[in-house]
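This report describes the structure shown below, moving from a single helix residue to the core, the sheet and the confidence of the model.

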Amino acid sequence: MKKILPALLFSLTFLLGGEISVSISEDLVNEYLNLIGNHQIVTGKKDNQATWTIKNPRVKFQYGKAVFLTTILFKKRKTDIKKDIKRNIDVKYNSRKNTLALVIMDSLIKMERRGNVLGKIDLGSIYQSGLIFPGPKPINDSFKLKTKEGRVKIHINIRDSYIYFEKDVIRLALELEYK
């Protein structure tokens, strides 16, 4: 009886399911952004070129939200504009590919003077490819287990997914059930 009770409790916990998650730390994302570092992009035709300088890109993860921060310098002829950028980050989970993407919202930055748009740059096209991470979904959707009655096939189903914005971390959790 003493040996059966722990085995029964373990089996029930396993069969009732639970949660599996992956966490992405603010430090990890900032390490990627530091690796890219400050850089310049030249746009436009040769006689009408603009130089965009992106400085100090970084993220800040807080309870309830994540933010992308940077400073952009724009130079075109005699025009110099400095703009501090703060954009929200959304999290998209692709269950088919099992990937988690951090998406910079409103990533198109416009530089304007007196109502005229002097240039545009898309931060998403620069940083987006490195902001995709593997998800927590189990590799197998079922497994077989030997019992006294023979082999039993157990299926792993995903009930729901949850995204948590916490201090210094974003966490994606999948609620699993076993049938």
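Leaving aside its neighbours within four places in sequence, with which residues is Asn30 in contact? The structure is a predicted model. In it, Asn30 contacts Arg58 and Val59, when neighbours within four places in sequence are set aside. Asn30 is found in helix α2, and its relative accessibility is 15%, under the 20% limit, so this residue counts as buried.

**Helix α2 and its surroundings**

Helix α2 spans residues 26–36, and its buried residues are Glu26, Val29, Asn30 and Leu33. Viewed down the axis of α2, these buried residues fall within an arc of 95°, so they line one face of the helix. An α-helix has 3.6 residues a turn, so residues three or four places apart point the same way. On the other side of α2, the exposed residues are Asp27, Glu31 and Leu35. The cover over the buried residues of α2 includes β1, β3 (50–62), β4 (65–76), β6 (99–104), α3 and β9 (132–134). After α2 comes Gly37, which has a positive phi near 70°.

In soluble globular proteins, nonpolar side chains tend to be buried together. The largest nonpolar core in this model has 35 residues. Those with the most contacts inside that core are Val29, Phe68, Ile72, Leu102, Leu123 and Tyr127. Val29 is also one of the buried residues of α2.

Helix α3 covers residues 123–127 and includes Ile126. The C-alpha atoms of Ile126 and Ile36 are separated by 9.6 Å, although the two residues lie 90 residues apart along the chain.

| Residue | Residues in contact (heavy atoms within 4.5 Å) |
|---|---|
| Tyr127 | Tyr32, Leu33, Ile36, His39, Ile54, Pro57, Phe68, Ile104 |
| Ile126 | Tyr32, His39, Ile41, Ile54, Ile121 |
| Asp122 | Ser107, Leu108 |

Asp122 belongs to strand β8 (residues 116–122). Its relative accessibility is 30%, between the limits of 20% and 50%, so Asp122 counts as partly exposed. The C-alpha atoms of Asp122 and Phe74, 48 residues apart along the chain, are separated by 13 Å.

**The four-stranded sheet**

An open sheet is formed by four strands in the order β1-β12-β11-β10, with antiparallel pairing. At its edges stand β1 (18–25) and β10 (142–147); each has a single partner strand, so one side of each is left without a neighbour in the sheet. On average, neighbouring strands of this sheet are turned by 30° against each other, direction ignored. Strand β10 runs antiparallel to β11 (residues 150–166), and six bridges join the two.

**Confidence of the prediction**

The protein has a mean pLDDT of 84, and 91% of its residues reach 70 or more. Confidence is highest in β4, at 94, and lowest in helix α1 (residues 4–16), at a mean of 42. Over residues 1–16 the pLDDT is below 50, and this stretch has seven contacts in the model beyond near neighbours in sequence.

Terms used
Residues are numbered from 1 along each chain as its sequence is written. This is a predicted model: local features need pLDDT of at least 70, side-chain atom pairs count only at pLDDT 80 or more; totals for chains, interfaces and linings use all residues. Side-chain values use heavy atoms; hydrogens and water are left out. Two strands pair if DSSP finds at least two bridges between them. Axes are lines fitted to C-alpha atoms, for helices over the stretch in contact, and angles run from 0 to 180 degrees between N-to-C directions. A nonpolar core is a set of buried Ala, Val, Leu, Ile, Met, Phe, Trp, Tyr and Cys residues joined through side-chain atoms within 4.5 Å. Buried means under 20% relative accessible area, exposed over 50%, partly exposed in between (1.4 Å probe, protein chains only). The arc is that of the directions from the helix axis to the C-beta atoms. pLDDT is the predictor's confidence in each residue, from 0 to 100.
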